[in-house]
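Trainee: Could we go through this model together? I would like to begin with the strands and then turn to the interface.
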Amino acid sequence: VTVHLSILLWLPLASAVVGLVLPDVIGRFAVLAGAIAALVVAVIVVARFDTHAQGLQFVTDRMWISELGVHYKLGVDGLNLFLILLTAVIFLAGILWASLREWRQSRLFFFWWGLAESAVLGALMAQDLALFVVFFDLMLVPFLFLAGGWGGPNRIAGILKLFIYTLVGSLLMLSAAIATGVLAPVEGIDFSLSTLSQAAPRLSSGTQEWIFLFFAAAFLVKMPAFPVHGWMPDGYKSMPLPVLAVFSAVLSKVAAYGFLRIVLPLYPDASAHFQDLMLLIALASILYGSAMAFTTTDARLILGYSSVAQLGFITLGIFSLRDAGAQGALLQAVNHGLVVAPAFLIVALLAARVGGSEDLRDMGGLAFRAPVLATLFLIVALANLAMPGSSNFVGEFYILLGTFQSKAAIAVVAFTGVALASVYTLRLFIRSMHNRVGPHAVSREISVADGLVLAPLVALIIAFALYPQIALSKGERSVTRSIAAARQAAEPAQEAAR
Amino acid sequence: MIVAAAKGPHIDWAGLSPLVALLGGATVVLLAGLLRPRWVREGVVPLLSAAAFAAAIGLGIWQLGERKDLVAGALRMDELTVVVSFVFCAGGIGAIALAWRSVAPREAAHGEFHALLLTSAAGMWVLVAANNLVTLFLGLELLSVPLYVLCATEMRRERSLESGLKYLIIGSVGSATLLYGLAFVYGATGTTDYAGIARAADGVVGDPLFLTGIALTVVGLAFKASVAPFHQWTPDVYQGAPTPVTAFMAVATKAAAFGVFLRFFDVALGPAQDEWAPALAVLAAITIVVGNVGAIGQTSLKRLMAWSSVAQAGYMLTGVVVGTKLGVSATVFYLGVYLFMNLAAFAVIVARERETGLGDDIASVQGLGATRPALALAMTLAMLGLAGIPATAGFIGKFYLIDAAVDGDYTWLGIVIVIGSMISLVYYLRVLAAMWMQGAPQTGEAVAVSAATGRPALAGGSAEADPELGRVQAEVWAVALLFGAATLVFGIIPSPLFDLATKAGAALTNLL
């Protein structure tokens, strides 16, 4: 029996709609069941995935809007396989975590979760440029309502900032996507990526360049990367922590994925042209993110800025335009998602133990009576700082290897980012779990229910540390193909430079 | 006999039937309004006028696919006429539902109110079908004069009277400018017939007489379509007019104005496109920016919708500028989408006006997500649609317009549309934030604000005295939910709308 990706895509939303009409008490379980079912389907997809096959698998292709040449086309290959699995896992963890707690208007709250999962899965599986844009924009809407309805005290200012920043990027991307579809030399008009990957690289370099910049704006804002991260502090503070865990773990990955899926194959000349710029942005993100992460005392923002730095590494790997770098970037995308989600959930636990404050100065000594929590946190922390032996280490190693091959000087500076990561991660761990006991801190062990959410995530981190090659080998072919054209475009230029 | 030789033109009654339905309906409704029993005036009259609109739509469906000249070439019956008439007739039905139990028809007398509505719609039909400069002007006046009166139908409210007067004065200036422009065009080309003008246009492209004519025509039509910098009347008139009338003006007048824009510029002035398109493109860009920036600071929802309608006019102008079939289809598509989003929004505004006594202040929708989730959902879909967020029809509409812009070598205008949408997020999100993210205002505060909005006691303005206050009527719910749902459904399954829009575009056979 073939697996229909449409089932995976719409299961969460369908269950969310069902949950909306059920009574309050049961409603959340419908969404939970949907998330579990989606994870099961995602696991089946991964298990059935043929590593040696060329191109897309499990393809669904139907015409959606024939007048505009927009297809409803879904497919899986090495680029999105593990990101889909990651999405299913993280959403299930987030929904499970949230359903253990009370929320006002809870049916509506869980409805947005279901919509969010469907939208993210849609953006990851879409094989049509217009469909990708639709889901990419759509996935922001549920987070707008989740943050606005259930977030922190200054949420409205925060989400306005978040929404406007990201939608500015998204709308620029929309016009760039339409321009690609209309201007690309194809018969009629067709937005499917398979057609465009043949036609779009033949666009003139001037056209490619502005289109590239528009796409880059959308993706860099979403990540966020250094000069366009302005929404991040307020936006992150406006979200409830379980929502933020999913947002940070999954949405930024869609942006990184967008570079590999769309930008590099469709606009190879522009990608080569702007390679240096993108590498510098990545480097700036690493340094700025790290520096901010070890100066701020807000635990939430430490993780936020650490994400800026980590996404900087991922961008670095992608725009090294080398196989090793891009593969490392893809692996690191999965790793970062797996690490940052439990980290935010742990911050929620820490805050609950110091009277709601998320400030490091109010924490301390939380490990005393909570060995299990401390252990879980330590594993997450070590993975975040890319301890040798962790999968993050493998990812960062490949990224730096790729960068070293193409731009050695940038790789050297980027190495400092690895060192800085251990400084801010250990600082977060030590100042919250050890040191002097905070003024209102009460050390308390993690509850069994919360433990059952966190433990599988931590187990996955460990599993990935032992077998990083699972993700690497399945992604290899697709990554190589994705960067091939851009690499080719970049290399003559480098030869000439020598 | 000699008199018998003067033969009237052949009249194709089948083609004229939608117009006959509207005008006939107006007459019947006017007479029915004279009957004594209250239930006739308050129940039968609105039903009859809704039936007249429905008949016009039905006859339009019957005539869809026909392409013929009516009344000796004065009117053109084709898919563009029919599809645009669907938009304003549906808008008319929506406005009737919103007006059913409101103040305006009670004060202006039901028969008159509905007859004016139908006459105005008949004027729109003539305007969109006009194939001749004389019928164009005739249609425009037939559309406008009833609307001036309709704006002032809440006779005991100062703002309503002010709105009617303002609209009358500014509308007349617009009409006069247009007439002057049409005279120049006639002077330059020697004919009033669209086809004749198109034939003559090639020869007179550089003629200052002709160019002045085009410029003045643009200005005149820009007044009607609220295109900047001729939009200043829009916020005041929209705010002052009774809300159901505002809803009708927003969707129906816009549809008619763009119908005539499309036919006049893309058919009659098509050969001179190089002369007017760049200027019109600049106007569109200015309109987009001015409308969106103007909307940012508004606290009155009706004013906000007025500024937003200015901005949306700029988006739709893009389809006129490019002068291709794709452009025509995109504009017509957007008109349909615009109808859904606006009627849903105005229905919610009407519902809250009657329920809260806060008037159309943004405070009236605060906390709506908790108290009236269904209404809040309709408003949310409308706002997301107007902002162009995916999964709403507004997104597809914008997609189509940008597609047409890029295809017609106006990529920069497509980018201006995008920039406009970015600015628009600020105020559409404010409405969303008020509904879902803020608590309902205190009741004490509510009374105070209602006193401040100043509906005089004669009109039953205070919260206690107004019998309509405190409940949301079924028909208002129905309009909000129906059009909110349409915004969502056509955002996911847009094909039926595309079919109609492409047909409308294909009707202008001279275009690429």
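Mentor: A definition comes first: helices (H or I, at least four residues) and strands (E, at least two) are DSSP runs, numbered from the N terminus, and two strands pair if DSSP finds at least two bridges between them. This is a predicted model, in which local features need pLDDT of at least 70, side-chain atom pairs count only at pLDDT 80 or more, and totals for chains, interfaces and linings use all residues. Residues are numbered from 1 along each chain as its sequence is written, and chains are lettered from A in the order in which they are written.

Trainee: How many residues lie between strand 1 and strand 2 of chain A?
Mentor: Four residues separate them in a hairpin, and A:Gly69 in the turn has a positive phi of about 65°. The two strands run antiparallel, joined by six bridges; A:Met63 has A:His71 as its bridge partner in strand 2 of chain A.

Trainee: Now the interface: what area is buried between chain A and chain B?
Mentor: About 3100 Å², with carbon and sulfur atoms giving 84%; buried area is the accessible area (1.4 Å probe) that two parts lose on being put together, summed over both.

Trainee: Which helix of chain A gives the most to the side that touches chain B?
Mentor: Helix 7 of chain A, with 16 residues.

Trainee: And how many salt bridges are there between chain A and chain B?
Mentor: The count is zero, a salt bridge being a side-chain nitrogen of Lys or Arg within 4 Å of a carboxyl oxygen of Asp or Glu.

Note on methods: Heavy atoms only, no water.
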